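Biologist: I'd like to go through this one with you. Can you put it up, and we'll take the terms as they come?

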Amino acid sequence: MKGLKSIVLSVAALAAAVSLSGCKFINDILSGEDGGQMVTSLVEKVGEALDAQVTVVEGNTLTYGTHRYTVNAEIDPATKEFKQPTASVTFTNFPAGYDEFEAVYEGLLGKSIAGATAMIPMAIELYARDAGTGERCFKLLCNSDSTVSGIVRILKTKLVPSQYGSENDSYIQRYMAAALLKGAVNTNAYTPEEPYTVEMTMSPNGVKDAELMGGVVTYVYILAKGWDSNQRGVDVFLPYDTEYYKIAGCSSCYTQCKNIRGTWPGLK
């Protein structure tokens, strides 16, 4: 029993760190006949929780737990192809919350034009799931509070039923993030291909020095079929003093898309 108590106390310390257990549960383990089995179960749960927080970057791929994010091709500012994809980012799942979003941004995607651009639908989806979390994500991703407030002002009326629109109001488009993904169209209920893919290319506006903003702006398109025009403009800003790209504008990514046909299946 002494050995069991030692194991439980060690596991309890780990469990407390990830909020998996309370004192009553530990006492039940120590006094119960199935203590060994309960310890094993708790160890597995703690291990899963800790593993989910491990971030590994290998080349152009970041793994966060079991979720994978890959920059397949970066934006080439010299390209003259404005209608077909020249860059893309794939991911197996949307971030589960702010911690994962931050880890993905700082570990890989925030360091490239394509990566930062691909995080727009991620932030939109997280905002739809929880407004507070989504706003934090936009604050990390965007270049200024004014950019964030402009996005949030629209999203709070577009994504969930409220005083701005009822559940049956076609103005409410919970599937908006999905509309930015490859394969998603209104006629297939905005069901994207998997792994999820954001396809992009340059805008004819090119790259411009923005000295008053303190950096350089690259104008790109997300290519998506949820609108009459497939080209959804994004202004990607790189401050002079950092390696991390920021979003300075993406209003066409959250304007009214085509109304859905069928039932939206949701996103992982």
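Modeller: Terms for the elements come before anything else: helices (H or I, at least four residues) and strands (E, at least two) are DSSP runs, numbered from the N terminus. This is a predicted model, where local features need pLDDT of at least 70, side-chain atom pairs count only at pLDDT 80 or more, and totals for chains, interfaces and linings use all residues. Residues are numbered from 1 along each chain as its sequence is written, and side-chain values use heavy atoms, with hydrogens and water left out.

Biologist: How many helices and strands does the protein have?

Modeller: Seven helices and eight strands.

Biologist: Where is Thr63?

Modeller: Thr63 sits in strand E2, residues 61–64.

Biologist: Buried or exposed?

Modeller: Thr63 is buried, because its relative accessibility is 18%. Buried means under 20% relative accessible area, exposed means over 50%, and partly exposed is in between (1.4 Å probe, protein chains only).

Biologist: What is Thr63 in contact with, leaving aside neighbours within four places in sequence?

Modeller: Val54, Thr55, Val56 and Arg68. Contact here means heavy atoms within 4.5 Å. The side chains of Thr63 and Arg68 also make a polar contact of 3.5 Å. A polar contact is a pair of N or O atoms within 3.5 Å; within protein, one must be able to donate a hydrogen and the other to accept it, and residues adjacent in sequence count only if both atoms are side-chain atoms.

Biologist: Changing topic. Which residues of helix H6 are buried?

Modeller: H6 covers residues 131–141, and its buried residues are Gly134, Cys137, Phe138, Leu140 and Leu141. They lie on the same side of H6, because they cover an arc of only 160° around the axis. That arc is taken from the directions from the helix axis to the C-beta atoms.

Biologist: What do the buried residues of H6 pack against?

Modeller: Helices H4 (98–107), H5 (113–129) and H7 (145–158), plus strand E8 (246–249).

Biologist: And what happens at the start of H6?

Modeller: A side-chain oxygen of Asp130 comes to within 3.3 Å of the backbone nitrogen of Gly132.

Biologist: How many residues are in the largest nonpolar core?

Modeller: The largest nonpolar core has 65 residues. A nonpolar core is a set of buried Ala, Val, Leu, Ile, Met, Phe, Trp, Tyr and Cys residues joined through side-chain atoms within 4.5 Å. H5 gives the largest share of this core, twelve residues. Those with the most contacts inside the core are Phe91, Phe101, Leu109, Phe138, Leu155, Val234 and Ile247.

Biologist: Take Ile247. What is it in contact with, leaving aside neighbours within four places in sequence?

Modeller: The list for Ile247 includes Ala116, Thr117 and Ile120, and also Leu141, Cys142 and Val234.

Biologist: How many salt bridges are in the whole structure?

Modeller: The search finds six. A salt bridge is a side-chain nitrogen of Lys or Arg within 4 Å of a carboxyl oxygen of Asp or Glu.

Biologist: What distance is given for Glu125 and Arg174?

Modeller: The Glu125–Arg174 salt bridge is 2.8 Å, N to O. Glu125 lies in helix H5 and Arg174 in the loop between H7 and strand E5 (196–210), so the pair ties together parts 49 residues apart in sequence. Glu125 is buried at 2% relative accessibility, while Arg174 is partly exposed at 25%. Glu125, Arg129 and Arg174 are linked in a network of salt bridges.

Biologist: Which salt bridge does Lys182 form with Glu199?

Modeller: Their side chains meet at 3.6 Å, N to O. Lys182 is in the loop between H7 and E5 and Glu199 is in strand E5, so this pair ties together parts 17 residues apart in sequence. Lys182 also forms a salt bridge with Glu193, with the closest N and O atoms 4.0 Å apart. Lys182 is partly exposed at 32% relative accessible area, Glu193 is partly exposed at 41%, and Glu199 is buried at 18%.

Biologist: Last one: what percentage of the protein's residues is buried?

Modeller: Buried residues make up 46% of the 268 residues.
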